[in-house]
Amino acid sequence: MWSAVLFGIMSMYMAFFSTMQEMAQVKFEMLPKEYLQLMGVEDISQMGNYVTFFGMIFNILIIIMSIYAVTFSMNLILKEEKNKTIEYLYALSVTRKEIYFSKVLVALCAVFFVVLSVGIAGIIFGFASGSDTFSMVDMSAVIKITGTVPFFFAALGLFLSSLSSKYVSSGLGAGIVMLTYMLGYLGKLLEGKADFLKYFSPFELLSPTNALALSGETYGAFGVIAALTVILLIFASIAYKKRDFSL
């Protein structure tokens, strides 16, 4: 359902690329610079390029995908305990390790298909209406680099939910997503006065703008976030194996 809805949203924007960019340029010229930065737009001239226009929309949808990723992955564990279905699983001849990794597989596959659906929509309409500003190489870079963010939050959700159900909820996960996004926004908004805030935001470190630039810093950030994702999954496995469930 999420894949279908987000595919439709991205298709709606990208199918009318020419019309949307003209309308957006007129509207955005009246908006303050700070509001544009919140949406991930550095320059109005970006609106004339299909890939950067896609990046702007993708930058907004990546927040939604990250909220989906963290809440979905957390509920894979939390709802088992809340609905008491974990009792049935423990009655079967399966180990906690097998249960946990089956949930990891489900979470990562769900996030993959959501990100893929949005990327496919952008690519389809890039061929259809992107004209000479469409670049498959640049599109792939944005999808691969920025699309890593929801996977990080899926791992974070699994880690948090493996710790406890008393003090952890999917609402907390969604709050963390919004907090990290705002930290990145503030770091960019303050322009040199609080650059350190950007390092707490995967949204900013792996933004479409950085993905297109592909600097050494972006590669480094990508490596760190990928490593943190794996580490969170490993620690979540350890915590889940030792956790006492309220049955």
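The structure is a predicted model, in which local features need pLDDT of at least 70 and side-chain atom pairs count only at pLDDT 80 or more, whereas totals for chains, interfaces and linings use all residues. Residues are numbered from 1 along each chain as its sequence is written, and side-chain values use heavy atoms, with hydrogens and water left out.

The secondary structure of the chain comprises twelve helices and zero strands, where helices (H or I, at least four residues) and strands (E, at least two) are DSSP runs numbered from the N terminus. Of the 247 residues in the chain, 46% are buried, buried being defined as under 20% relative accessible area, exposed as over 50% and partly exposed as in between (1.4 Å probe, protein chains only). Among the contacts with a separation of 6 or more, 76% are accounted for by residues 24 or more positions apart, a contact meaning heavy atoms within 4.5 Å.

Helix 6 (residues 96-129) packs with helix 7 (residues 136-146) at an angle of about 165°, the axes being 11 Å apart; axes are lines fitted to C-alpha atoms, for helices over the stretch in contact, and angles run from 0 to 180 degrees between N-to-C directions. Helix 6 is therefore roughly antiparallel to helix 7, given that angles under 35 degrees count as roughly parallel, over 145 as roughly antiparallel, 65 to 115 as roughly perpendicular and the rest as oblique. Val 115, Gly 119, Gly 122, Ile 123 and Phe 127 of helix 6 form the contact with Met 136, Met 139 and Ile 143 of helix 7. These residues divide into six nonpolar, two polar and no charged, with Ala, Val, Leu, Ile, Met, Phe, Trp, Tyr, Cys and Pro counted as nonpolar, Asp, Glu, Lys and Arg as charged, and the others, Gly among them, as polar.

Helix 8 and helix 9 (residues 170-189) pack at an angle of about 135°, with their axes 11 Å apart, an arrangement that makes helix 8 oblique to helix 9. Phe 153, Leu 156 and Leu 160 of helix 8 meet Ile 176, Val 177 and Thr 180 of helix 9 in this contact, whose residues comprise five nonpolar, one polar and no charged.

Ser 162 is found in helix 8 (residues 149-163) and is buried, with a relative accessible area of 1%. A polar atom of the side chain of Ser 162 lies 2.6 Å from the backbone oxygen of Phe 159. When neighbours within four places in sequence are left aside, Ser 162 is in contact with Ile 77, Ala 236, Ala 239, Tyr 240 and Arg 243.

Methods
Polar contact = N/O pair within 3.5 Å; in protein donor to acceptor, adjacent residues only side chain to side chain.
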